[in-house]
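Here are some notes to read alongside the structure, written for someone meeting it for the first time. Take them one at a time, with the view open beside you.

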Amino acid sequence: MSKVGRNIHVSVDRLRQLAHRDARPRKIKADAGTCPKCDSHYSADEMRRNLRVCPACGHHFPVTARERLEQLGEPGGYVELWGDLRAADPLQFTDLRPYTERIAEAEKSTGMGEAIVCAELEVRRAPAIAAVMDFTFMGGSMGAVVGEKFARACDYAAQKGVPLIVVAASGGARMQEGTLALMQMAKTVIALDALAEARVPVIVVLAHPTTGGVWASFASLGDITYAEPGALIAFSGPRVIEETTREVLPADFGRAERQLANGQVDAVVDRRELAERIGRVLHILRRPETDGTTGTAPPGLQWAQDGAQKVKSMMDRMRPGATDSGSGG
Ligand SMILES: [Zn+2]
């Protein structure tokens, strides 16, 4: 037998390996700075400067509560409120591990005491109170402390007469607190009522993901509601609904852009424009007395007052018993 015609034996696995290697050039190992949408890679410093938005494709990376406050606030920063509140464990709940252990671990890994950070700050020089949720702390779940801090933020905003900014990011109620967590839905809604009575505006920003009991309570009750691009905003995630209803949902189910079309949000705002947008709204809504000038309202408010006055006088004239109703008939 001639040597020329001899077969070469290569295993199928080896061929697959070679094909795989050729098709996919070697990349940097994906980490926190790798964009899941377009594979671009950024250093921690670049991420901070880009407000954690991918400049190549616009993907919005998650933001921690404190980072968010720094992005929204002035360079001077913010003053954190009620940072010492910690969850109790009245149910002495244990799933695979005790609840107290999970809380301690979350605090150690995030450096935060709870899934919400409240602060007093200025957005583009307009004063505001902020309640910002953090998904990295036990999935941004709402327990008694989240409810309490949110209610305190509402009270404080009403007392000071400055708008409340809420940034939501949550997986829903905290199951380790059972019914006590569910009660926070009612508590936060009632707290917002007091703000409405005090005529204090509430601006809500829906970040990815806003779901469950948080979406079903305070997150859906803002006077102005913004959402970040691509954020999931739904009571249940699409996978759960598909499994329950056995229906195939559209690919954009519950996404911010779909919720805008549904009328659930007022605008989908790029994070890089968010502070500017909120700042502008705060200046328009600003009360004359917070400017230190009692007589003259800022242009935006003056315009609104003029408009309201015109509507009122028009309505008065149209009333059946009005004295100046003309010749009548
Ligand atoms: Zn990208």
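What share of the contacts in the chain with a separation of 6 or more comes from residues 24 or more positions apart?

1. **The chain as a whole.** Residues 24 or more positions apart account for 67% of those contacts, counted at a separation of 6 or more. Please keep in mind that this is a predicted model. The chain has eleven helices and eight strands, and 33% of its 329 residues are buried.

2. The mean pLDDT of the chain is 87, with 82% of the residues at 70 or more. Where pLDDT is low, the predicted coordinates should not be read in detail.

3. **Strand β2 and its partners.** Six of the eight residues of β2 are buried, so this strand is largely enclosed by the rest of the structure. On one pairing, β2 is joined to β1 (residues 79-81) by three bridges, and the two strands run antiparallel. Val79 stands opposite Glu120 in β2. β2 also pairs with β3, again in the antiparallel sense, over eight bridges. Here Ile116 has Met133 in β3 as its bridge partner.

4. **The hairpin turn.** β2 and β3 form a hairpin with two residues between them. Have a look at Arg124 in the turn, whose phi is positive, at about 50°.

5. **The way into α4.** Between β1 and α4 runs a loop that contains Pro98. Is Pro98 buried or partly exposed? It counts as partly exposed, because it has 14 C-beta neighbours inside 10 Å. Pro98 is 78 residues from Gln176 in sequence, yet their C-alpha atoms are 9.1 Å apart in space.

6. **The two faces of α4.** Helix α4 covers residues 99-110, twelve in number, and reaches 16 Å from its first C-alpha to its last, close to the 16 Å expected at 1.5 Å a residue. Which residues of α4 are buried? They are Tyr99, Ile103 and Ala106. Seen down the axis of α4, the buried residues fall within an arc of 65°, so they line one face of the helix. An α-helix has 3.6 residues a turn, so residues three or four places apart point the same way. The face of α4 turned away from the buried side carries the exposed residues Glu101, Ala104, Glu105, Lys108 and Ser109.

7. Glu105 belongs to helix α4 and counts as exposed because it has 12 C-beta neighbours inside 10 Å. Glu105 and Met138 are 33 residues apart along the chain, and 9.5 Å separates their C-alpha atoms.

Notes: Residues are numbered from 1 along each chain as its sequence is written. This is a predicted model: local features need pLDDT of at least 70, side-chain atom pairs count only at pLDDT 80 or more; totals for chains, interfaces and linings use all residues. Helices (H or I, at least four residues) and strands (E, at least two) are DSSP runs, numbered from the N terminus. The expected span of a helix is 1.5 Å times one less than its number of residues. A residue is buried if 20 or more other C-beta atoms lie within 10 Å of its own, exposed if 12 or fewer, and partly exposed in between; C-beta atoms are placed from the backbone. The arc is that of the directions from the helix axis to the C-beta atoms. Two residues are in contact if their C-beta atoms, placed from the backbone, lie within 7 Å. Two strands pair if DSSP finds at least two bridges between them. pLDDT is the predictor's confidence in each residue, from 0 to 100.
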